[in-house]
Amino acid sequence: MSEVDVPESHPRYESLLTRHRIEAGVEKGITSKQGLIAQGRGEAFDYLLGEQTIPSADRAARAAAAHLLLAEKPVLSVNGNVAALVPGEMVELAETTGAEIEVNLFNRTETRMEAIADHLRDHGADEVKGLTADARIPGLDHERAKVDADGIYAADVVLVPLEDGDRAKALAEMGKTELVIDLNPQSRSTQTAAVPIVDNIIRSIPNISKHARDLTNAPEADLADCIETFDASEALEAAEKRIRQGDLS
Ligand code: PTJ
């Protein structure tokens, strides 16, 4: 038996695990109640994708891994849903790619910030950024603008999972390379991203780590090639096509 008291062979195992983690996140004060709604929206897209990593999302995950490995200062942004769903997996990705982790919230309260940072530390994170909040992303007038000067503000590559918002556009305007994980191929974040990964974060983070391990000793030219040959528009089109043709049987 597993974390959700159903065998891993159960056909709905992954979905039940995800729901269980989000619910526990709300109970622990990590995830906002709006996070439950966001998860429901994501699940609907995932259902139509066949709850699987489609080939274009796998190529995007590989390009994201190459970006993180080539970056001078990569940062992984974490919100309440991400912390509940994939805390250990985010720590592993940070370790594999040399990235830092920063908490950045839409519904920001000091209590939630602390709870999320503690949760990440419980899952092995050494340093969690975001609590200093001594810099602002220009052009944003809500709480997501608050970042650490030596974290997201100074990053060249930022992984931005699960937020349909204007921060993605503002970060792109600052010249940062954005890697976005979002099951909605029409969200503002996926539309702005250098690398949009249309996949469930539960599958996607371990997949990026797997590609990063595979590419760790690759020559820089191979990493650059992996980035250059990735086509964001093609990936978004492939995801949308799969969702629109989704089989509800
Ligand atoms: O923790 P906070 O305060 O920063 O708030 C976080 C949420 C997620 C509540 C906030 O960012 C929000 O309201 O987001 P949206 O506008 O609902 O956008 C969330 C996006 O993530 C949607 O496009 C969903 O389809 C997508 N999504 C939801 N669950 C998953 C997902 N994408 C990948 N994997 C998922 N499990």
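Predicted model: local features only at pLDDT ≥ 70, side-chain atom pairs only at ≥ 80, totals over all residues.
Residues are numbered from 1 along each chain as its sequence is written, and side-chain values use heavy atoms, with hydrogens and water left out.

**View 1. Helix 3 packs against helix 9.** Helix 3 (residues 55-70) and helix 9 (residues 201-215) pack at an angle of about 55°, with their axes 8 Å apart; helices (H or I, at least four residues) are DSSP runs, numbered from the N terminus, and axes are lines fitted to C-alpha atoms, for helices over the stretch in contact, with angles running from 0 to 180 degrees between N-to-C directions. Helix 3 is therefore oblique to helix 9, where angles under 35 degrees count as roughly parallel, over 145 as roughly antiparallel, 65 to 115 as roughly perpendicular and the rest as oblique. Helix 3 passes helix 9 in a right-handed crossing, a crossing being right-handed if the near helix is turned clockwise from the far one by less than a right angle, and left-handed if anticlockwise. On helix 3 the contact (heavy atoms within 4.5 Å) is made by D58, A61, R62, A64, A65, A66, L68 and L69, and on helix 9 by N207, I208, H211, A212, D214 and L215. These residues divide into nine nonpolar, two polar and three charged, where Ala, Val, Leu, Ile, Met, Phe, Trp, Tyr, Cys and Pro count as nonpolar, Asp, Glu, Lys and Arg as charged, and the others, Gly among them, as polar.

**View 2. Helix 5 packs against helix 9.** The axes of helix 5 (residues 87-97) and helix 9 lie 9 Å apart at an angle of about 20°, and the two helices are therefore roughly parallel to each other. Their crossing is left-handed. E89, M90, E92, L93, T96 and T97 of helix 5 make the contact with I205, P206, I208, S209, A212 and R213 of helix 9, a set with six nonpolar, three polar and three charged residues.

**View 3. Helix 2 packs against helix 11.** Helix 2 and helix 11 (residues 232-244) pack at an angle of about 85°, with their axes 7 Å apart, and are therefore roughly perpendicular to each other. Here F45, L48 and L49 in helix 2 meet A239, R242 and I243 in helix 11; five of these residues are nonpolar, none is polar and one is charged.

**View 4. The largest cavity has a lining that includes residues of helix 1 and helix 2.** On a 1 Å grid over the protein atoms alone, a cavity is a set of points where a 1.4 Å probe fits but cannot get out, and lining residues have an atom within 4 Å of a point. The largest cavity holds about 50 Å³ of space, and its lining consists of E14, S15, T18, Q39, E43, D46, E51 and N200. By class, this lining has no nonpolar, four polar and four charged residues.

**View 5. The largest pocket is lined by 35 residues.** A pocket is an open set of grid points with protein on both sides within 12 Å along at least five of seven lines. The largest pocket has a volume of about 670 Å³, and A38, R41, L162, E163 and D164 lie nearest its centre. Helix 2 gives the most to its lining, with nine residues.

Technical notes. Points joined across faces, edges and corners; volume = space filled by probe spheres on them.
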